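Me: I am new to this structure. Please take a close look at one surface spot, then carry on to what lies under cover.

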Amino acid sequence: MDDNEVLSVKHCRTYYENQYDISQSALNALSLETVLHAFLNGSPSSARITLQDRALGLATANFWQYQQILADSQIVKFALSQLLRFDQVLPFNFVQTIIALDPNIMRWTIRYSRIFENPDSVVYKHLREKYKSEDWLEFFAVCDRLLVQLEPYKAAIHTLEKKLKFMTVTDLFCYLSVLAWQKYFDSMLSGKNADLSRVYDRLLQMKLVTTKPETLQVTSESKIAQSIRQNLMPLLMPESYPQHASSQCAKNLQLVAELFWNTQELIDYEGSIDWFCYDEKCRYQYGENKSILFNEDDLEDLRWGQTGQKSNLLWHYWFNRGVEQFLSSDLASSQIGSAEYQDANLTAVTKSMRSCLQLEALYGIGNTIAVTEKTDIPLFELMLTNELHSAMFTKEYVSPLYEKISAGTPLLAALKELMMQGFLDGENRLPFTWSDIKAKTSRIKDWYLSEQTSDSREAKAQAAISFWSQNLKNLAEELKFPNKKPIARLHEKPFLQLGNFFLQLPWQMADSNHFNAAVNNLRRLNSRRPELQTETQNAEENLAISLRALGFKVVVGYQPEKSADGDAGEIDLICHKDGVVLMLEVKTGYIRSSAAEIWLHRNTTLRKASWQLQRKSAKFPTMLLNDESLKQQLDISGDDYKLHGWIVDTCIEFDGQLIGCYRVVSRETLEVVMRDEMHMLCSLEHLKPTRNTLYPEGFSAQKFADVIESEAVWKILNNI
């Protein structure tokens with residue numbers, strides 16, 4: 001390290017030691033955790049201090065030698081795992097100190113940090129050389145087997161990729177579309193919902209990494225047509241092609257099928273490693289003919305099952321609200337598109353209204369979305385773009401294909417019949433579709449009724465396609481030269497730009513959750529949009545409006561005065577009614593889809609929110625004492641109140657759980673409870689006109705808090 005780095009590490013070490021001493025002098029039994037919170041929250045902060053400086057400063061602090069025991073807590077294990085990110089410079093004596101205190105905590109730290117996957121990890125090599133006890137040898141053996149399990153699939157994928165290297169992206173889609181439709185209907189007919197989106201994402205990404213950039217700049221439709229003729233038509237119409245052509249395509253299809261299977265298996269085994277790394281209930285064992293991983297109990301599985309049930313019921317809840325809004329709108333008495341498409345279009349409009357309601361209530365997103373600095377589009381029309389495409393693909397692809405296949409028609413024959421009917425109707429009904437931007441916008445421009453002229457409607461259509469599309473050439477560059485920018489998934493950006501053309505995958509588009517896609521476009525892929533701060537404030541204000549309607553006095557964005565022990569920070573919402581005080585920390589994030597993302601959310605965003613609530617709630621009596629205006633705004637007199645601190649999160653995964661000492665409440669759960677609409681947590685056909693109220697004896701602030709903290713709204717899960 002140079003002199004500046006040494007000074008930065010020393011500064012961090014001194015800071016952490018001072019924090020520890022201050023906490024100890026206050027007789028805080030959790031002094032170490034106080035320091036770890038500071039580290040994880042990015043303190044001390046300075047332009048010249050790096051993450052590595054903070055990590056080394058913490059690892060070399062003197063208080064580790066004072067620890068007689070090390071608490072087996074989430075924050076200890078997570079903080080230590082962050083230190084192992086810098087294992088190339090981490091002192092071995094620090095690692096040995098932790099092992100001396102509790103070797104199991106170090107093993108969890110290794111699991112969290114995943115350094116066992118890194119063959120160059122200095123710390124992991126050191127541990128393997130030094131520790132030979134039975135428990136350590138078993139742990140190393142389990143780590144080895146988890147990695148060895150991946151190798152056959154990686155090797156098979158490597159071999160298959162070499163065999164398929166000649167294929168362009170459109171060549172791959174010719175075969176992949178046939179496989180995808182087969183798997184789509186296998187899932188539908190078996191009643192088993194198989195989510196293969198990760199496999200499609202991985203296959204596309206693998207292909208893009210090995211594809212020559214010039215093949216991704218398609219300027220002539222003849223290139224796509226040539227690919228179709230050579231790779232798809234011999235499968236659909238073998239009688240019209242030489243035997244060798246059909247035979248070669250059948251072999252190619254088999255190779256792509258093998259690539260698909262091996263990729264799916266690889267992803268499944270990678271999921272086992274995620275389970276090992278992030279699931280607190282996951283235990284391990286090593287032995288011949290034994291499953292190396294198992295759950296300590298089934299409580300976690302039951303909880304995740306309930307989370308899935310909650311998500312499903314909330315989908316119906318918002319759809320029911322969308323139906324209510326649709327029926328009260330002018331569109332309810334209008335013809336939407338052709339009579340043939342009326343029912344499908346009505347559903348698409350209702351789903352779009354539902355998504356707009358969610359995006360406004362939960363995320364504070366306004367009526368328009370800025371696509372570029374000079375172009376915006378109404379949110380409703382942006383959502384309608386995808387919903388109408390889904391409706392079209394369901395009606396023109398899924399329904400006729402399902403009818404044929406369920407009657408016993410082989411898939412290739414069914415795809416051929418659909419294609420031929422499309423030719424007769426003047427439509428492209430091949431297993432995947434494409435069009436240039438001019439043809440696409442001309443076809444869908446009449447969906448954008450907010451504009452008066454044909455040209456302006458085409459401009460809005462182009463803006464919508466731009467929002468929902470990803471350029472495959474740019475994506476290939478991002479995959480080859482990774483940066484910190486998140487990679488778009490197929491369901492998030494379903495229009496695939498290949499040069500001058502936009503490809504769509506009907507099987508993927510038909511069943512996509514476009515609300516989730518919109519949230520992740522706005523919050524995951526474009527997390528630095530200038531509108532984000534305003535939207536977050538809107539989301540907090542929307543919550544405040546709903547609580548005021550229930551009789552609460554609400555203060556939004558309260559900033560306490562700084563005190564000698566630091567700045568408590570802004571409080572999102574403080575609410576009071578009849579002696580019940582709610583202190584709410586509101587989090588509006590993207591929708592997570594992997595174990596790693598969910599685990600990281602818990603240990604970063606939610607952990608910090610719990611820490612903030614702890615600091616702020618402790619200072620609340622002082623805030624009331626020093627700020628008469630706050631007391632008046634909340635209508636609090638004296639100290640006869642009960643304080644409830646909640647983390648209000650737009651994600652559902654941790655609804656009802658305690659993080660630290662504070663409860664996580666899903667923003668959607670809160671919405672149902674505030675509106676007393678538990679009866680709408682069901683499918684439309686089961687919706688009853690009578691309201692099963694959460695407040696049979698009338699609403700009160702205490703009953704409201706009790707309903708939230710007892711999770712009363714989810715007692716219905718016991719009856720499902």
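Reply: Met188 is partly exposed, at 33% relative accessible area. That class lies between buried, under 20%, and exposed, over 50% (1.4 Å probe, protein chains only). This is a predicted model: local features need pLDDT of at least 70, side-chain atom pairs count only at pLDDT 80 or more, and totals for chains, interfaces and linings use all residues. Numbering runs from 1 along each chain as its sequence is written, and side-chain values use heavy atoms, without hydrogens or water.

Met188 sits in helix α10, residues 169-190. Helices (H or I, at least four residues) and strands (E, at least two) are DSSP runs, numbered from the N terminus. With Leu189 and Tyr402, Met188 forms a nonpolar surface patch of about 250 Å² accessible area together. Such a patch joins nonpolar side chains (Val, Leu, Ile, Met, Phe, Trp, Tyr) within 5 Å, each residue having over 30% relative accessible area and no salt bridge. A salt bridge puts a side-chain nitrogen of Lys or Arg within 4 Å of a carboxyl oxygen of Asp or Glu. Areas come from the Shrake-Rupley method with a 1.4 Å probe.

Now go under cover. Leu498, in strand β7 (residues 495-498), counts as buried at 1% relative accessibility. Among the residues Leu498 touches are Thr170, Leu216 and Leu472; contact means heavy atoms within 4.5 Å. Leu498 and Ile224 are 274 residues apart in sequence, yet 10.0 Å apart in space, C-alpha to C-alpha.

Helix α23 (residues 514-525) is mostly covered too: 11 of its 12 residues are buried. Phe515 and Leu522 are among them. Their cover includes α17 (379-406) and α24 (532-549).

Terms used:
Patch = residues over 30% accessible without salt bridge, like charges linked within 9 Å, V, L, I, M, F, W, Y side chains within 5 Å. Lists of a residue's contacts leave out its neighbours within four places in sequence.
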